[in-house]
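Dear colleague,

I am passing on a structure for you to look through, and my notes on it follow below.

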Amino acid sequence: MYAQMVKSEATNDDPEMLAAFQARIDAGERIEPKEWMPEGYRKTLIRQIGQHAHSEIVGQLPEGNWITRAPTLERKAILLAKVQDEAGHGLYLYCAAETLGVSRDDLTEQLLSGRMKYSSIFNYPTLTWADIGAVGWLVDGAAIMNQVPLQRTSFGPYARAMVRICKEESFHQRQGYDLIRKMAEGTAEQKAMAQDALNRFWYPSLMMFGPSDKESVHSAQSMAWKIKINTNDELRQKFVDQTVPQAQFLGLTVPDEALAWNEDKGGWDFSEPDWNEFYEVLKGNGPCNVERIEARQKAWNDGAWFRDGLMAHAKKRDARRQAAQMAAE
Amino acid sequence: MPVQGDMMTPDAEALAKAAGGAARSAGQTPLEAGSPEMDLFTGLTRLGDNTLILGHRISEWCGHAPVLEEDIALSNMALDLIGQTQFWLGLAAEVEGRGRDADALAFRRDAWHFHNILLVERPNGDFGQTLMRQFLFDAWHAPMLKALEGSADARIAEIAAKAHREVAYHIERSADLVIRLGDGSEESHARMQAALDRLWPYSGEMMIADAVDLRLAHAGLIPDPASIRPAWDETVNHVLEEATLKRPEGNFAHQGGKQGRHSEHMGHLLAPMQWLQRAYPDAEW
Ligand SMILES: [Fe+2]
Ligand SMILES: [Fe+2]
Ligand SMILES: [Fe+2]
């Protein structure tokens, strides 16, 4: 997940090979890195996995924003562990992308120069401690909704990364829910913070599934390749159906007056998010786009001497080893 | 405006009362200074405040480290240190027996009641300073915990044994990075040497005993910090040599943290850390 609007890349491969490849996918086979794959499949996956990896990395920032202010030792430890997990997810995903012939440094450069995106959700600020609960509950919740089906995706390394990641994400979601529940059951001020967090994160969470199927022109090829398993609207509906009763249990109000149970479809009717806002955030006009990218650029630039220093040491060590070998011969 | 007390009065107590000083009606009598309980409480907060403040400092890096592996390693280390804090301060609160818990000690104590060494409250600086601070501390922390495993108090020995397993990995990692960066590029070498020179005067405090330390050592509860010196010297000398870094010559040691006299940085560190607990004292989190 965290890959919104990944455009499928065109493919000009040999039609017979394409057909054979499609047959393997249709038969439910896993594609492994060394096997033949259409160029479009490779490129689309690089983009999707890369975007997902970047989201994990940038996603450290809104949560890291509260680590130094966590109100108990236990909550501080939980949040540290979560942010550490997200960095770990980034690492597995970069590794999965590397099997497709792109380096982590290359992907990083593309993120920092704005040529690659990360999930729009991380361009929203975390303003109160309740937001940390809302992020775990709603954002990790939406991520899981997207990622569980991706455990069956056709590309082996991606599917395997998803299995590991999903386990941890569901842990995050439960911890986030526990945090916001404590707030919702707390003092009047805490309850107000919890409601405010839901108000601000509800629609951005719905946006995480990407635009409506009517608008989403890139899906067909990705679905045929089993890079994408469900449509955006299917997943969004599932998310709303799961989340509304959880909000009700907390005594919080979902900020949607049109929200109503629809007996016929056995699900909730709900309002679409403001898609103009979504496109503006993607274009760079979200509340935190500038800060997020600047923070990543600063980390990368300030860390250059560190990375160069380690490389220089590795070179010296190799040279010494070679010299010792030559002396021995 | 309230009436101001007469500054010229010889009755300082009355003056303090007029200034609102008597409002500190804590309700419960604090532990008696110099009592075995107070000594142990102090010794345990020295251990727990070191891990809390250093854990807090390195958590400030979260998401901003030079490479992803460092983000992971730093949050992992912060997590270990915060976990150790829960044990040390939890035990300190138990020893105190005044109804406080580890969170009350971490989030409701004033700066001058914290007993961590000055080294751990130093600001992060560049990544080289963060690493060097970690290395100088780890080189003390690991042998200290090892020695604490022999404490006459079984609760202390148990916490130390668990913490030592984690810290053995911290020192391995920080020593390795100091070596690689010291003996790395010209720039990384210069930065590591500068970090060492800058932090050196803060490394002595953890190996200097005061009267409380000596009484605790005598009771077999917490070893004399000076007894850690040979192990620390050995690690530091060996690592600095391999790192091609020059051990600074001075022996001057800034002191005061262990007794509650902190640097200006401490208040700024505690302000965000304690803010929620202080702003919403009735809330549970
Ligand atoms: Fe994710
Ligand atoms: Fe994640
Ligand atoms: Fe997560």
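Which residues coordinate the iron ion (ligand 1)? They are A:Glu56, through OE, and A:Gln147, through OE1, at 2.1 to 2.5 Å, where donors are N, O and S atoms within 2.8 Å of the metal (3.2 Å for Na, K and Ca) and water is not among the atoms, so sites may look incomplete.

This is a predicted model, in which local features need pLDDT of at least 70 and side-chain atom pairs count only at pLDDT 80 or more, while totals for chains, interfaces and linings use all residues. Residues are numbered from 1 along each chain as its sequence is written, chains are lettered from A and ligands numbered from 1 in the order in which they are written, and side-chain values use heavy atoms, with hydrogens and water left out.

A:Glu56 coordinates both iron ions, ligand 1 and ligand 2, which are 3.5 Å apart. With a relative accessible area of 0%, A:Gln147 is buried (under 20% relative accessible area, 1.4 Å probe, protein chains only), and A:Glu56 also counts as buried, at 1%.

As for the interface, 51 residues of chain B are in contact with 47 residues of chain A (heavy atoms within 4.5 Å). There are four salt bridges between the two chains (a side-chain nitrogen of Lys or Arg within 4 Å of a carboxyl oxygen of Asp or Glu), and B:Asp183 forms a salt bridge with A:Arg320, the closest N and O atoms being 2.6 Å apart.

Best regards

Methods. Buried < 20%, exposed > 50% of the residue type's maximum accessible area, 1.4 Å probe, protein only.
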